[in-house]
Amino acid sequence: MRADEMLDCLEFLDSDLIEAAAQPPTARKKSPFGWQLRTIAATIAILFSVDLIAFVFKSRPSDVHLDHPSQPTFVTQPTEVPVPSNPVVSEPVEQTGEVIYLMLDINPSFRFAVKDGTVLECEAGNQDAERILDQLELVDQPMESAVSLVMQALINEGYMNVEDSAPILLLSATENEASAQLLHEVLLTVNDCVLQNEKNCFVVTQQITDAEAAEQLAQQYNTSLGKMQYVLKLLREETGLSEEEASALTLIELFDIDIEKRLIEPPYKVDDIDECGERALYVGTTDSYISYVSWQKIPPEEQQLLQEMYPPEALEIMFGPQVWSTVPNVVGLSVQEAVALFYSQNLAPRLCYADNKDVRITEGYTDGTCYYQDISPGRLWNSQASIQIYILLTEPE
Amino acid sequence: MEDAHIVQLYLQRDESAIDATASRYGMRLRNLANSILQDIHMAEECENDTYLAAWNSIPPHEPFTYLFAFLARITRHLALDRCREQSRKKRNVLLVELTREMEQCIPGTGNVEGSVDARMLGVAISKFLREISEERRLVFLRRYWYMDSVAEIAKGFSLSGSAVKTMLFRIRQELKSYLRKEGLIP
């Protein structure tokens, strides 16, 4: 059988399936949280937002639980604070004078009180966290340093070493004008620690709108405030679970529900072939970004593939230090202008040329101009991530 | 006019069946053909050929409850045939792209030459599509049955282009595994 015959045999699909798909789709009904996923990274004030920035280096079987690895080695010496490889592009946390409570849950559970970017107080939510905090002095530290210390301790303690899996790290902050930005800052710090230590991790960030109610439930079900908020968010969907049952689930199990309910985009797995046939080397969700391992670690055949797809300037950006910057709007620009604009932002776009016969949304654009970009302008994006721009080309090559 | 009534007109050999069909489904059939052919004039010819084919095939067929699917199948078939005819003259980007994508659902060209009945495969794919979520099913059908572009699907489903491509890739992979499990491909 040839591929075109395969295309033909679809003719014999059941009539009801064909009828059901007959109408071109109108805009899909989004989850009440879907739009918020995208806005938190842009630090837009919202009532309740959940954003996921996930980065994994390996695939994660869904049946792995977030239990602590057996008897981790406890490091008694203070650990070195990793210097963020690129604190870059983001603005410093705004000085609002308001106290923001930030929770970090992975299994050990931490709660920080933060004012103007400095830790006022840090509490352990459970015994595991208590053991870690006993070794650290976090009060009066800049939030970035405090999170780096905690992350390094978690890594040293083995909490990020769940074999063949990527643990879920939940970052939550009480809702506040500056909390979205604080979450973003913390996310970058976490990202740096994870990348520098070559660990795997999914990071889910959320803001807590009604902290008092969530706190009461957290106490009732003996769980952390951050996890309770995550549970409450998931229970707004039809999960068939009670608050008590959901609270008893691990973060990984909750995350799986999140994916199943499509509140977040499911992550790529390693070895998936992404658009344009590029193999995913280590990747996150389709809604966040795709990262690349260092050049040296890529097999020669993969290097060759990337060299064919990207010019040297782009490869330099992709395999250089990770930089976060704002995606420019290049729709309507010429290919040269668009690429130059991306490079100036330390982003390496992949160019997709399309015949306007193939894509029929190109009215008003001339040949050689960008008519679509797959990542919206204004979003924060990182230099190691995949981003595509589509260039109109009337005559196919 | 209801589908059943239109089919009844065909069965009575009443030529007003054609007008009724055109009035009810003409635009959708034309759009389907245009999606494949990217040429409105050829799409209109396809639409007219569809009416003729329907006239010749009802009876024996009696698509009382699935008239649109019945007509759309004819239109799609005719459009693909024309598209291939055109491809011999000039490469058709869409067809090449879709063919490449469908290659991922089969182990390789020639491996199962003639071994699988297309109708049987159609039944198996229908069964597979019923097992996946509605959204994924619709995305698959819009791409490979109605031949919408990825950009159109992305817009319609409020997904990014990458998400659509990833979703399609995964469905193709799952379909391949499914067909293999069913013994339809090696």
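Which residues touch the most other members of the largest nonpolar core? I began with this question, taking a nonpolar core to be a set of buried Ala, Val, Leu, Ile, Met, Phe, Trp, Tyr and Cys residues joined through side-chain atoms within 4.5 Å. I noted that the model is a predicted one, in which local features need pLDDT of at least 70 and side-chain atom pairs count only at pLDDT 80 or more, while totals for chains, interfaces and linings use all residues. Residues are numbered from 1 along each chain as its sequence is written, chains are lettered from A and ligands numbered from 1 in the order in which they are written, and side-chain values use heavy atoms, with hydrogens and water left out.

**Entry 1: the largest core**

I found that this core has 70 residues, and that A:Met6, A:Leu10, B:Ile125, B:Leu129, B:Trp145 and B:Leu179 touch the most other members. Helix H4 of chain B, residues 67-89, gives the most to this core, with 10 residues; helices here are DSSP runs of H or I with at least four residues, strands are runs of E with at least two, and both are numbered from the N terminus. Domain 1 (3-90) and domain 2 (97-181) of chain B each supply at least three residues to this core, the bounds coming from an automatic or database domain assignment.

I then looked up A:Leu10, which, leaving aside neighbours within four places in sequence, is in contact with B:Arg76, B:Met102, B:Ile125, B:Phe140, B:Tyr144 and B:Trp145, where contact means heavy atoms within 4.5 Å. Apart from this core lies another, of 38 residues, including A:Val119, A:Met151, A:Ala153 and A:Leu171.

**Entry 2: the two chains**

I recorded 13 helices and 13 strands for chain A, against 9 helices and 0 strands for chain B. Of the 397 residues in chain A, 55% are buried, and of the 186 residues of chain B, 55% count as buried; the term means under 20% relative accessible area, with exposed over 50% and partly exposed in between, using a 1.4 Å probe and protein chains only. Among contacts between residues at least 6 apart in sequence, those joining residues at least 24 apart come to 64% in chain A and 67% in chain B.

**Entry 3: a helix and a strand in chain A**

I checked helix H8 of chain A, residues 225-235, and found it mostly covered, with 9 of its 11 residues buried; among them are A:Leu225, A:Met228, A:Tyr230 and A:Leu234. In strand S5 of chain A, residues 168-174, I looked up A:Thr174, which counts as buried because its relative accessibility is 13%. A:Thr174 touches A:Ile100, A:Tyr101, A:Ser179, A:Ile208 and A:Ala211, not counting residues up to four places away in sequence.

**Entry 4: helices H2 and H3 of chain B**

How do these two helices lie to each other? The axes of H2 (residues 16-37) and H3 (residues 40-57) of chain B come within 8 Å and cross at roughly 135 degrees, and H2(B) and H3(B) are therefore oblique to each other. Axes are lines fitted to C-alpha atoms, for helices over the stretch in contact, with angles from 0 to 180 degrees between N-to-C directions; under 35 degrees counts as roughly parallel, over 145 as roughly antiparallel, 65 to 115 as roughly perpendicular and the rest as oblique.

Helix H3 of chain B also holds B:Ala54, which is buried because its relative accessibility is 0%. Not counting residues up to four places away in sequence, B:Ala54 touches B:Tyr10, B:Phe70, B:Leu71 and B:Ile74.
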